[in-house]
Amino acid sequence: IGIPNPNKVVGDDQEGMIWDIKIPKLLSFLATRDLNGYVPGINNIIDGGYPLLDGTTALSAEEKMVRGKIAHEAWNSYRMAKENNDQELMTMYNNVLKENMPYFGYAYIKDVKDLVPNVQLNFYAFRIMVILGGYFILFFVVMLILVFRKKLENIKWIQWVALLSIPFGYIAGMAGWVVAECGRQPWAIQDLMPVNAAISKLSVNSVQTTFFIFLALFTIMLIAEIGIMLKAIKKGPNLVTKQS
């Protein structure tokens, strides 16, 4: 729990957090199932030099960028050799490409700072998701107890809490998507294709047309759903009869 430093950038000497409460070794256990497991931070990933699980040492971001460019050059050279049907060169460039392929996407990276996602956005979105998830677990435990005790229909305040909690489900879902989509930046495919190399060729008009079609369809369905729900609410639970 804490407040990240908005002025913190990669490589400076500022503290990452303005204020925080930490549970020692918990992240190590969550990430590695070992209380003493090593979890690299952003600066560690950029600078490299830390041990990996396979026993090798992590490369720095700059080293990965160099090897990414080597992979690109090998790929282009391999294609030219293939066009000329030069099997010897194809084999040579293929070996170079395989050796550097894990860093292929780094050739598109111009600045190591581009490898760092929006820390504050992901920090708060993740915690909103987790806090609301914990809230819903507690909420449904209470609801189940009340249902089994047949007291739910008599407690008006818990019904209001249930009604007012509906938006929290959407907020938790959206916060989760923020973490998933923004947290993986700048990668569309980890280490192989950044988002700036994965731009769609679709025209703006095509995207806009599709968007407005979906907007119209879902608006019509929303109106129909609200109408059905209002009719059901007007009937009330006491007017529902069981079919024999």
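**Entry 1: burial and overall form**

I began with burial and found that, of the 244 residues of the protein chain, 20% count as buried, where buried means under 20% relative accessible area, exposed over 50%, and partly exposed in between, with a 1.4 Å probe and protein chains only. I note that this is a predicted model, in which local features need pLDDT of at least 70 and side-chain atom pairs count only at pLDDT 80 or more, while totals for chains, interfaces and linings use all residues. Residues are numbered from 1 along each chain as its sequence is written, and side-chain values use heavy atoms, with hydrogens and water left out.

I then looked up the radius of gyration, taken over C-alpha atoms, and found 27 Å for the protein chain, whereas a compact globule of 244 residues would have one near 18 Å, by the rule of 2.2 Å times the number of residues to the power 0.38. The C-alpha trace spans about 85 × 50 × 40 Å along its principal axes.

**Entry 2: elements**

I find 8 helices and 4 strands in the protein chain, and from the N terminus on their order is β-β-α-α-α-α-α-α-α-β-β-α; helices (H or I, at least four residues) and strands (E, at least two) are DSSP runs, numbered from the N terminus.

**Entry 3: His 72**

I located His 72 in helix 3, residues 61-83, and its relative accessibility of 18% is why His 72 counts as buried. Leaving aside neighbours within four places in sequence, I see His 72 in contact with Phe 104, Ala 107 and Tyr 108, contact meaning heavy atoms within 4.5 Å.

**Entry 4: aromatic rings**

I looked up the aromatic pairs, of which the structure holds 11; rings of Phe, Tyr and Trp (its six-membered ring) pair if their centres lie within 6.5 Å, and planes under 30 degrees apart count as stacked, over 60 as edge-to-face and the rest as tilted. The rings of Phe 123 and Tyr 124 have centres 5.4 Å apart and planes at 90°, so I record this pair as edge-to-face. Phe 123 is buried at 11% relative accessibility, whereas Tyr 124 is partly exposed at 36%.

For Phe 136 and Phe 140, I find ring centres 6.1 Å apart and planes at 25°, so the pair is stacked. These two residues are separated by about one helical turn, because they lie 4 residues apart in helix 5, residues 119-148. Phe 136 counts as buried at 18% relative accessibility, and Phe 140 as partly exposed at 49%. I also note that Phe 136 and Phe 140 belong to one aromatic cluster with Tyr 135, Phe 139 and Phe 168.
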